[in-house]
Amino acid sequence: MKTYPIKFKPILKEKIWGGNKLSTILSKDTDKKNIGESWEISDINGNISEVSNGAYKGLSIKDLIKNHESELLGINNFKRFGYNFPLLIKFLDAQEDLSIQVHPDDEMAKAYHNSFGKTEMWYMMENDDKASIILGLKDKNTNLENLNHISLKNVESIFNRVKVKKGDSFFIPAGKVHAMCAGVLCAEIQQTSDITYRIYDWDRKDRDGKKRELHNTLAEKATKQFSDNVKIESQGNSNLVKCEYFTTNLLEINHTLVKDYANLDSFIIFMCVEGSVRLTAGNTTENLKMGETVLLPSITNKVKFSSFNAKILETYI
């Protein structure tokens with residue numbers, strides 16, 4: 001397999017809560033309004049990413065795995081996931097509040113949807129004043145039957161609201177109730193799953209005047225009553241998340257940095273969340289700017305980064 005920084009065509013998603021920051025700040029090519037998500041790397045059926053550069057231009061992520069197996073994924077990852085790419089990589093723009101929701105774990109997702117579960121993390125790239133998120137229940141002893149009776153009158157008394165700022169990170173294991181709220185632009189790293197159980201959608205209606213479906217019975221089964229808010233405190237080059245599904249580190253590049261991945265046995269994903277960087281691997285150099293993502297095959301050895309102002313999320317398994 002050829003080793004170089006592989007880029008993919010973003011898959012843009014219109015959402016009832018989406019805005020215009022993915023185009024105005026992250027330079028996504030679209031004239032549509034209310035773009036809430038940019039799927040950077042996806043192996044979700046019906047939303048399969050296509051390579052946009054280099055020797056594999058025009059091939060899908062499925063093609064790459066089929067043709068190169070462990071050279072792309074890593075030996076252990078190929079044994080574990082087979083021909084499925086295990087992560088879904090996104091940028092999100094919340095102009096309005098997302099629904100309060102929860103995701104199933106692997107066991108429940110397998111039983112009900114024949115799918116992976118959905119553990120995820122967020123990294124805050126930009127935020128409006130007073131921006132916040134919903135993260136967990138205020139009281140870990142809350143009766144989960146209350147999730148069937150949420151309204152504007154009681155929503156703030158049941159769920160924990162956390163103010164956010166640029167550079168904050170949050171780990172959201174499957175089973176933790178959460179919601180991205182208005183004014184947030186973020187990077188999201190998650191298991192390959194598009195399963196969401198809506199608990200409450202702020203009583204809003206779609207363009208046809210209908211309320212979106214809620215999934216309270218499944219949500220009650222999926223919810224786990226975590227006692228902490230899992231905010232990640234970090235400074236400089238540091239680990240943000242290390243779990244069974246992915247490891248994500250924050251790299252601050254203010255000079256030239258060379259990293260050796262020869263012993264990693266995993267693909268590596270880089271998401272530029274601030275500034276821009278020149279990234280060289282396999283004798284190929286790509287410029288990576290804020291809002292762009294690249295994938296490096298597991299057979300990658302050394303990667304050289306050159307920048308005066310970049311912050312990058314480095315993710316692998």
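**A walk out from Thr-315**

Let's start at one residue: if you skip its neighbours within four places in sequence, Thr-315 is in contact with Leu-87, Ile-189, Phe-246, Thr-247, Thr-248, Phe-267, Ile-268 and Ile-269 (contact means heavy atoms within 4.5 Å). You're looking at a predicted model, where local features need pLDDT of at least 70, side-chain atom pairs count only at pLDDT 80 or more, and totals for chains, interfaces and linings use all residues. Residues are numbered from 1 along each chain as its sequence is written, and side-chain values use heavy atoms, with hydrogens and water left out.

Thr-315 sits in strand S23, residues 310-316. It counts as buried because its relative accessibility is 1%, and buried means under 20% relative accessible area, with a 1.4 Å probe and protein chains only. Its side chain also makes a polar contact of 2.9 Å with the side chain of Thr-248 (that is a pair of N or O atoms within 3.5 Å, where one must be able to donate a hydrogen and the other to accept it).

Now zoom out. The protein has seven helices and 23 strands; these are DSSP runs, numbered from the N terminus, with helices (H or I) of at least four residues and strands (E) of at least two. Its C-alpha trace spans about 60 × 40 × 40 Å along the principal axes.

Back to burial: buried residues make up 54% of the 317 in the protein. As for contacts, take those with a separation of 6 or more: 77% of them come from residues 24 or more positions apart.

Methods:
Buried means under 20% relative accessible area, exposed over 50%, partly exposed in between (1.4 Å probe, protein chains only).
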